[in-house]
Amino acid sequence: MKILHVIPNLFQGGAEYQLTELVRVLRKDPSIEQEVLCLYSERSMNLLGHYDSIRQMGIPLRCCYDEVITGLKVVPKIRREIRRAQPDVIQAFLAANNYCLLANLGLPSKLFCGIRNAQLPEGSESILHRMLHRSVSGYIANSKKTMQQYAQAIRLPAAKAHTIYNGLHPERFLPNRSRLDVRAELGLPESARVIISVGNMHFPVKGHRELIAAFSEVAAIRGNDYLLLVGDGKLRQDFTAQVQAAGIENRVVFAGMRKDVPDLLHASDLYISASLSEGFSNSIAEALIANLPAIVTDVGGSAEIVRDGKDGLVVPSHSPEKLREAMLREFAPLPEEGRRRIRELIDINRLGREYKELYQCAFSGC
């Protein structure tokens with residue numbers, strides 16, 4: 001079986017990481033051949049990514065452009081690549097879903113569209129999938145709620161709607177440094193309760209504005225709480241200004257992009273995700289792997305990762321008030337039952353097995 005994975009880019013992000021891990025686990029099966037096609041290369045933007053990880057695995061990687069290109073003019077290029085590669089299966093992600101839907105028309109490859117967040121298709125995208133979903137072998141979301149909402153939006157038959165949770169390697173999230181050393185580096189007191197949030201700052205969707213607004217009130221009540229924000233992006237200056245205006249700059253640490261997230265998680269006491277939209281959040285799962293209780297907003301699959309009242313709290317999105325109330329609560333470390341459950345949920349071998357079963361089923365007609 002030959003699989004062509006198609007994605008806009010391989011910069012750091014949840015879908016890009018999952019594609020890399022899917023390639024890695026399927027690579028163990030000698031009956032599977034793989035290629036990766038990106039719409040644009042690492043030369044298009046100065047960002048960290050997974051391009052080299054794919055190459056180091058010995059998987060052929062082709063990029064259509066060295067600049068960011070979008071629009072219908074991409075479709076003929078992808079169609080030529082499909083004809084060249086002659087894959088049995090095309091696994092598309094993100095905006096590549098729409099392009100591959102058109103590029104694969106009339107070709108024999110089985111197309112699967114990967115749905116990675118709770119943003120529903122609108123306008124021409126919704127019309128496109130409603131008209132052409134018969135040519136798609138399956139839609140694969142990474143949470144049940146996301147799949148349910150997406151299927152309803154494009155009127156998708158239940159037989160084509162599938163949920164496969166993300167897969168992670170728990171051993172990759174073991175700390176390399178002590179809790180005290182990490183806190184000393186970041187200027188965090190040894191006795192502080194550290195609340196950590198990991199997410200990019202390129203778009204408002206990660207809820208940083210709401211989180212900072214909530215924490216500004218918490219900081220006035222709890223003098224020993226600190227907020228650790230991991231990630232970077234074009235909105236960081238806006239969030240820094242918000243922190244300064246609230247007078248809490250000595251209680252908030254902007255850590256930027258980091259390669260030692262496991263160390264930062266193990267140096268913290270509580271995880272928080274204030275996202276306004278999510279699919280299956282790797283960051284939330286990674287926090288639970290690190291034994292952190294979590295406060296998450298009820299978007300996408302977050303409530304499927306964090307069980308309300310057991311692994312932490314689930315609160316409404318767009319609500320700094322509910323975030324504040326939750327942060328004022330006391331939390332115990334994740335219990336053993338919770339740690340065991342999250343490891344089973346994100347088992348990387350389960351990820352590969354479920355994708356492979358879907359691909360094989362598309363050929364057998366089951």
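Is Arg-324 buried, partly exposed or exposed, and what is its relative accessible area? In this predicted model, in which local features need pLDDT of at least 70, side-chain atom pairs count only at pLDDT 80 or more, and totals for chains, interfaces and linings use all residues, Arg-324 is partly exposed, with a relative accessible area of 21%. Residues are numbered from 1 along each chain as its sequence is written, and side-chain values use heavy atoms, with hydrogens and water left out. The classes of exposure are set by relative accessible area, with buried under 20%, exposed over 50% and partly exposed in between (1.4 Å probe, protein chains only).

The structure holds 31 salt bridges, each defined as a side-chain nitrogen of Lys or Arg within 4 Å of a carboxyl oxygen of Asp or Glu. One of them joins Arg-324 to Glu-217, with the closest N and O atoms 3.0 Å apart. Because Glu-217 belongs to helix H8 (residues 208–221) and Arg-324 to helix H13 (residues 320–327), this pair ties together parts that are 107 residues apart in sequence; helices (H or I, at least four residues) and strands (E, at least two) are DSSP runs, numbered from the N terminus. Glu-217 is partly exposed, its relative accessible area being 41%.

Arg-222 takes part in two further salt bridges, one with Asp-225 (2.8 Å, N to O) and one with Glu-330 (2.8 Å, N to O). The latter pair links distant parts of the chain, since Arg-222 sits in the loop between H8 and strand S9 (225–230) and Glu-330 in the loop between H13 and helix H14 (336–345), 108 residues apart. Elsewhere, salt bridges that share partners connect Lys-2, Glu-33, Glu-35, Arg-62, Glu-81 and Arg-84 in one network.

Strand S1 (residues 2–7) contains His-5, which counts as buried at 0% relative accessibility. With neighbours within four places in sequence left aside, His-5 is in contact (heavy atoms within 4.5 Å) with residues including Leu-19, Leu-22, Val-23 and Leu-26, as well as Gln-34, Glu-35, Val-36 and Leu-37. Together with H2, the strands S2 and S3 make a right-handed β-α-β unit; a crossover is right-handed if, with the strands pointing away from the viewer, the path from the first strand over the helix to the second runs clockwise.

The loop between strand S2 (33–40) and helix H2 (51–56) carries Leu-47, which is partly exposed with a relative accessible area of 39%. With Met-45 and Val-68, Leu-47 forms a nonpolar patch on the surface, the three having about 230 Å² of accessible area together. Patches consist of residues with over 30% relative accessible area and no salt bridge, like charges being joined within 9 Å and nonpolar side chains (Val, Leu, Ile, Met, Phe, Trp, Tyr) within 5 Å, and accessible areas come from the Shrake-Rupley method with a 1.4 Å probe, for which, in the case of residues, only the protein chains shown count as cover.
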